[in-house]
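Grab a pencil and keep the viewer open.

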Amino acid sequence: MRGITPFIFGANCLIAAGAVASSLHAKTDDASGWNPHPVKLTRPAAEPLSAMAQLGRLIFFDPSLSSSGQLSCASCQSPQHAYGPPNDLAAMMGGPKRERQGVRAVPSLRYLARQPAFSIGPDNEEAENVNLIQRVALSRKTVCAQKTAARPNQSANNLVPQGGLFWDGRADTLQDQALVPLLNPLEMDGGNVEAVAAKLRRAPYAKRLTELFGASVFDEPYHAVMEALFAVGRFQIEDASFHPYSSKFDYWLEGKVRFTSREMRGYRLFNDPQKANCAGCHVDQVGRDRLPPLFTDHRYEALGVPRNPKLAANRDPAYFDLGLCGPHRTDMARQTQYCGMFATPTLRNVATRRVFFHNGLYHSLQDVLDFYTFRDTEPEKIYPRAADGTVSKFDDLPPRYRGNIDTLDAP
């Protein structure tokens with residue numbers, strides 16, 4: 001069985017109310033708006049799609065694989081919306097009648113192919129990411145063993161979770177990522193692999209599956225489904241729309257365009273560790289490989305975002321989405337030091353989004369910035385009040401886990 005390793009990222013990026021960001025150079029000429037240190041970025045070659053990727057495109061846009069017959073992968077990850085949600089719903093609606101609400105905001109599928117595999121490792125980003133990419137070739141059993149094993153002379157304090165797909169990093173490949181919404185009863189609701197395999201056998205592209213994977217591909221349902229999702233992964237890797245690297249910011253890095261004075265001011269604030277310090281997590285530096293920056297450090301943070309009352313799951317006061325330690329990820333439930341942590345998303349295409357954070361609470365960049373500004377300084381502006389009038393700060397995390405919230409580096 002094949003596995004698609006994420007390895008290509010990219011696209012448009014505009015940051016917070018017209019502010020954009022990149023690597024912060026020692027001196028930036030605010031008056032001119034030009035990048036004083038232009039670089040030549042490395043971009044993937046635009047090639048015609050392989051037969052495998054062409055098949056993956058057909059599957060990606062096929063609504064017949066859902067129980068409603070109306071939802072395809074593209075319904076929630078819309079190509080017209082940077083492969084993100086096409087609306088401002090906190091979570092998308094799915095199930096057989098499209099009346100079931102999901103539990104988390106839909107992240108974009110752009111740039112995922114350069115996402116490293118999930119690991120808990122040393123706080124050494126550049127060295128660790130190389131190892132993570134290599135680890136995907138290992139067996140799942142070996143990877144799981146390495147995820148949590150501390151190395152010699154390392155304490156738990158300098159081991160950090162990083163990489164992986166979804167808000168909780170529970171998938172390591174594009175192939176595994178595509179399987180989850182396909183079977184999830186709150187999303188495409190495909191039922192089980194047997195039901196999905198039967199639909200694939202009846203699909204107009206079934207002959208292409210047998211041509212690419214052999215006449216016996218449908219003999220074992222799981223095999224058929226995973227091969228189909230391998231093709232979906234190839235589509236995401238090969239199609240340039242998943243990683244266009246065509247933003248104004250990318251061209252500014254190369255010295256082809258200039259920033260306005262407002263964009264330059266936002267750029268400097270974004271990178272100033274004494275002010276906004278957004279780049280502390282949303283890394284905007286061009287590395288030695290000259291690939292465009294991804295605006296994420298691939299790590300996880302517990303930020304204490306307020307509870308979203310518009311999520312159906314939150315009607316149960318006992319329900320809490322704990323991110324890395326559950327309930328949707330199950331292998332790290334005992335590692336409670338990570339409860340409340342969610343992936344740091346890319347900020348590329350952030351200006352096209354209308355729903356933010358894992359629970360979809362906020363719907364504008366201004367809301368997001370207000371959260372970071374007021375969480376610790378004026379929490380009454382963003383958190384509800386309890387019956388006794390006190391501010392219910394960090395109300396979406398049980399008290400026993402609130403010590404995990406990052407109050408040193410962010411906001």
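**Exercise 1.** Work out whether Arg-307 is buried or exposed, and which residue forms a salt bridge with Arg-307.

*Solution.* Step 1: Arg-307 has a relative accessible area of 15%, so Arg-307 is buried. Buried means under 20% relative accessible area, exposed means over 50%, and partly exposed is in between (1.4 Å probe, protein chains only). Step 2: the partner is Asp-396, with the closest N and O atoms 2.7 Å apart. A salt bridge here is a side-chain nitrogen of Lys or Arg within 4 Å of a carboxyl oxygen of Asp or Glu. Step 3: at 8% relative accessibility, Asp-396 counts as buried too. Step 4: find the two along the chain. Asp-396 sits in the segment after α11, and Arg-307 in the loop between β5 (300–301) and β6, so this pair links distant parts of the chain, 89 residues apart. Helices (H or I, at least four residues) and strands (E, at least two) are DSSP runs, numbered from the N terminus.

Before going on, keep in mind that this is a predicted model, where local features need pLDDT of at least 70 and side-chain atom pairs count only at pLDDT 80 or more, while totals for chains, interfaces and linings use all residues. Residues are numbered from 1 along each chain as its sequence is written, and side-chain values use heavy atoms, with hydrogens and water left out.

**Exercise 2.** Find how many salt bridges the whole structure has, then look at some of them.

*Solution.* Step 1: the search of the whole structure turns up 14 salt bridges. Side chains of opposite charge can pair when their charged atoms come close. Step 2: take Asp-250 and Arg-348, whose closest N and O atoms are 2.8 Å apart. Asp-250 lies in helix α9 (residues 248–253) and Arg-348 in the loop between β6 (342–343) and α11 (365–374), so the pair ties together parts that are 98 residues apart in sequence. Both Asp-250 and Arg-348 are buried. Asp-168 is buried at a relative accessible area of 0%, whereas Arg-170, at 29%, counts as partly exposed. Salt bridges link Lys-40, Arg-43, Glu-254 and Lys-256.

**Exercise 3.** Describe how helix α6 packs on helix α8.

*Solution.* Step 1: get the angle and the distance. Helix α6 (residues 193–202) and helix α8 (residues 221–238) pack at about 65°, and their axes are 8 Å apart. The axes are lines fitted to C-alpha atoms, for helices over the stretch in contact, and angles run from 0 to 180 degrees between N-to-C directions. Step 2: name the arrangement. α6 and α8 are therefore roughly perpendicular to each other (angles under 35 degrees count as roughly parallel, over 145 as roughly antiparallel, 65 to 115 as roughly perpendicular and the rest as oblique). Step 3: list the residues in contact, meaning heavy atoms within 4.5 Å. On the α6 side they are Val-193, Glu-194, Val-196, Ala-197 and Leu-200, and on the α8 side Pro-221, Tyr-222, Ala-224, Val-225 and Ala-228.

**Exercise 4.** Find which residues Gln-236 touches, and whether Gln-236 is buried or exposed.

*Solution.* Step 1: Gln-236 is in helix α8. Step 2: with 4% relative accessibility, Gln-236 counts as buried. Step 3: leaving out residues up to four places away in sequence, Gln-236 touches Leu-109, Leu-174, Gln-177, Phe-242 and His-243.
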